[in-house]
Amino acid sequence: MEAVNNSVELRRVSLNFGSVEVLRTLDLDVAEGEFLVLLGPSGCGKSTLLNCVAGLLDVSAGQIFIKGRNVTWEEPKDRGIGMVFQSYALYPQMTVEGNLSFGLKNARLPREEIANRVARAADILQIKPLLQRRPSELSGGQRQRVAIGRALVRDVDVFLFDEPLSNLDAKLRAELRVEIKRLHQQLANTMIYVTHDQIEAMTLADRIAVMRGGVIQQLDRPQNIYNRPVNRFVAGFIGSPGMNFLDGRMEIEGGKPVLRLADCAVPLDRYGFADAPADGRDVVFGIRPEHVSANSGMDWPFSASASVEVVEPMGSDTLVWTRVGGQPLAVRLPTERAPEEGDTISIGFDPMNASIFGTDDDSRL
Amino acid sequence: MANVASINTTAAAFDAVADRVEGPAGPRPRRVLSRRNILLYGTLILVSAYYLLPLYVMIVTSLKGMPEIRIGNVFAPPLEITFEPWVKAWATACTGLNCDGLSRGFWNSVRITVPSVLLSILIASVNGYALANWRFRGSEMFFTILIVGAFIPYQVMIYPIVILLREMGIYGTLTGLVIVHTIFGMPILTLLFRNYFTSVPEELFKAARVDGAGFWGIYFKIMMPMSLPIFVVAIIIQVTGIWNDFLFGVVYTRPESYPMTVQLNNIVNSVQGVKEYNVNMAATLLTGLVPLIVYFLSGKLFVRGIAAGAVKG
C-alpha cells in the first residue's frame, strides 16, 4: 500500500505516558535519501518521536514503516537504523574499535567483515589513529565522531541523530555540522535529525518538521518555513533575533486591505493573502528584523519615523529597538550603518515579506 | 599614531600593576596553629584515641602471659611478648566438647561467607539492573515490597524460617544458612545496585539496544564492567555483615558448623576454669581480622562506590 520511495513512514502514530499525550496521531513520510530535521522546543516530543522510530519506545497506536516494511513491533536492532545520541553514549570500558564493532559482534558477523567495516568507517570519519583509545581519552568532537561511526558500521538505511551536537562548543558544532552534511552527501542515506538549534535545522535539512506539543506544526523546506511560517508559533520559533509581532486590526479602506495600528496604517495590498482579507479582523502582523530597513532613502510601501530606544551590537549586525504604533520593533542593520540611542530614524518595509496571523487561531492569513 | 598612543597607555598601565609590590599578594598566609586547626585536629585526635584505645588494650593483653595480666596494669605494654595465646585461640581453645580452637569456626565462616556473598550479589545486581533499566508492569510495586522487607525486624522471621528450612530438609545445614543470608541481603543490595544503575546514562543502555545487545548482553558486557566500585561496596557490606553475623549462625546451624562468631562467644563465655583474658583477646582479634583486612584493601573503592551509588536515588 505504501509507496516504495519512502524510506520512513509514520501512520497515525500516538504515544501516551499515562494520561499525558506525547505524540498525537502523527503522520510523516520521509523520502529515500532525505535529510529531515525535527525541530522544536524541549518537551515538544521530537526526541520521543525519534525513539519511536528507533524502536526504543513502543507506540501507543499507529504504525511505523521503514523501507516499506512494517517495523512497529520489531526490536531496534532489526529495524535497519543506526542512532547517534546527544551524550555520545560510548561504552566507556571499550576501545574505540570495541565500540564500533560491538553491534557487529552481537550480529555475529564474520571477523574479517567486522574488520572491513570498522576500517571503512574509521576512514570516512578520519578516526583511524584513535582506534585503540578509550572514550575517556578522546575530545568531545572525537567522541561524537566515534558515535557516528558506530551508526555507520551497521550499514543501515536510516540514520537517527538525537541532538548530536548539543554537547559541543560553538566552534566544534559548526565544524561537525559541515561534516554531517558532507557525510550525507557522500552516503546519501536517509537521515532524521532532532535538534532545538534552528541554525542546524536550516543548514542541514532538506525539509524541516517544526513540532510543538506532540504535533507537527509545519513540514516544509527550510526557506518556506523561514519565509512563510504557517502559524505564529513557527514564525516566532524560527529566526534569531526573533520576528517582530505587532498587534493590529485589519480594515478594508477603498477596497484595499490596511493594517491599522495605534497611530499609523500599513497598506497590505502587496501581501499574499491565502483567503480574501476580512474587514475589522484583529490580527498579528509579523515582520523579521532583517526585513525592516532604516534610513535607506528608498520608497517603501510603508515607512515611518521612529526614535531609537536600545542598540544591541551583535558583531556583523546591530539590532536596533524602536517603536512603531506604540509597539516595540527590532530592526537589524549592518553595524556600520547603525544609529545611536536617541536618534530618530526613518524605517520602512515591504508587507510582502511579512506574515499575518489571525488572533483567533494564530494561523497564517 | 592614535594606535601607537593607545598601545603605550596599555603598557604603562600594565607596568603600574606589576610595580605595586607592597600590600597582599599571592596566596593568603595560613598559620599552622590557628584556632581552627587546633579544634579540627584536636577533635580528630580525641576521636581516634577513643576508638583506638580498646584495640590497643586488646593487642597488648593478647601478647601477655597470664601472670603478667594478673598484675592488673591493662595499659602497660607487655614485658615479655608471647604468641602463646594466639596459638591457643586458633588451635587448642575448647568450646564445649571440641578442643581445636577457632580454626574450625574460621573455616565454617569461610564456607558460609563466600557462597552467600557471591550468590546474594549476583542475584541482587541482576535485580537492580532489571529494576533500573527494564521497567516492567509492577516493577515499582515489586521494589517497594522489597524495600519494606528491609524494615521488618529479623526476630519476627526467625521462627517461620526455621519451619521453612525444616520442611525443605536443609535446617541446620550450611546450605540453609547461605540461603538465609542471601535473602536477608536482598533488599539493601538491590537498592544499592538499582540506584547505581539508575545513575548510568540511559542513552548508553539505548545505544546497546540499538547495537543488538539483549538483557544479558547489556548486563555482562556494558553494565557489569562499568560497575566495579559498586560491586566492591556490595562485597564489603556482605563480607562484613555475614562474617559478623551471630544470630542466624547460632539459630540455623548445628554446633559442628557454627561460624567463627558463635565459637568466639563460646570460648569467651565458657565458665570452667580461669578466664584466660589473653586467649579471649587473641580470639576476638582473629575473628575481627577478616573484615578489617577487607576494609583496608578496598577502602578507596568503597568510598567511591558509596558516593556514586548512594547520592542518586
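Visitor: What makes up the series of elements of chain B, from the N terminus on?

Guide: From the N terminus on, chain B runs α-α-α-α-α-α-α-α-α-α-α-α-α-α, with 14 helices and zero strands. Helices (H or I, at least four residues) and strands (E, at least two) are DSSP runs numbered from the N terminus. This is a predicted model, in which local features need pLDDT of at least 70 and side-chain atom pairs count only at pLDDT 80 or more, while totals for chains, interfaces and linings use all residues. Residues are numbered from 1 along each chain as its sequence is written, and chains are lettered from A and ligands numbered from 1 in the order in which they are written.

Visitor: Why is a set of residues called a nonpolar core, and how many residues has the largest one here?

Guide: The name is used because the set holds buried Ala, Val, Leu, Ile, Met, Phe, Trp, Tyr and Cys residues joined through C-beta atoms within 7 Å. The largest such core has 145 residues, and those with the most contacts inside it are Val37(A), Leu38(A), Val53(A), Met83(A), Leu160(A), Ile192(A) and Tyr193(A). Its largest share, eleven residues, comes from helix H8 (residues 174–199) of chain B. A second, separate core of eleven residues includes Met260(B), Ile267(B), Val279(B) and Leu286(B).

Visitor: Which residues does Ile192(A) touch?

Guide: Two residues are in contact if their C-beta atoms, placed from the backbone, lie within 7 Å. Leaving out residues up to four places away in sequence, Ile192(A) touches Val8(A), Val30(A), Leu36(A), Leu38(A), Leu50(A), Val53(A), Val158(A) and Leu160(A).

Visitor: What should the twelve residues of helix H10 of chain B span, and how far apart are its end C-alpha atoms?

Guide: The expected span is 1.5 Å times one less than the number of residues, so helix H10 (residues 215–226) of chain B should span 16 Å, and its end C-alpha atoms, 16 Å apart, agree with that. Its buried residues are Ile218(B), Tyr219(B), Lys221(B), Ile222(B) and Met223(B), and these pack against helix H5 (103–133), H8 and helix H9 (202–210) of chain B.

Visitor: What makes up the contact between chain B and chain A?

Guide: The contact takes 14 residues from chain B and 16 residues from chain A. On the side of chain B that touches chain A, H9 and H10 of chain B are the elements that give two or more residues, and H9(B) supplies the largest share, six residues. That side divides into eight nonpolar, two polar and four charged residues, where Ala, Val, Leu, Ile, Met, Phe, Trp, Tyr, Cys and Pro count as nonpolar, Asp, Glu, Lys and Arg as charged, and the others, Gly among them, as polar.

Visitor: Which domains does the assignment of chain B give, and how far apart are their C-alpha centres?

Guide: The bounds, which come from an automatic or database domain assignment, are domain 1 (28–82) and domain 2 (104–310) of chain B. Their C-alpha centres lie 33 Å apart, and the contact takes eight residues from domain 1 of chain B and seven residues from domain 2 of chain B.

Technical notes: A residue is buried if 20 or more other C-beta atoms lie within 10 Å of its own, exposed if 12 or fewer, and partly exposed in between; C-beta atoms are placed from the backbone.
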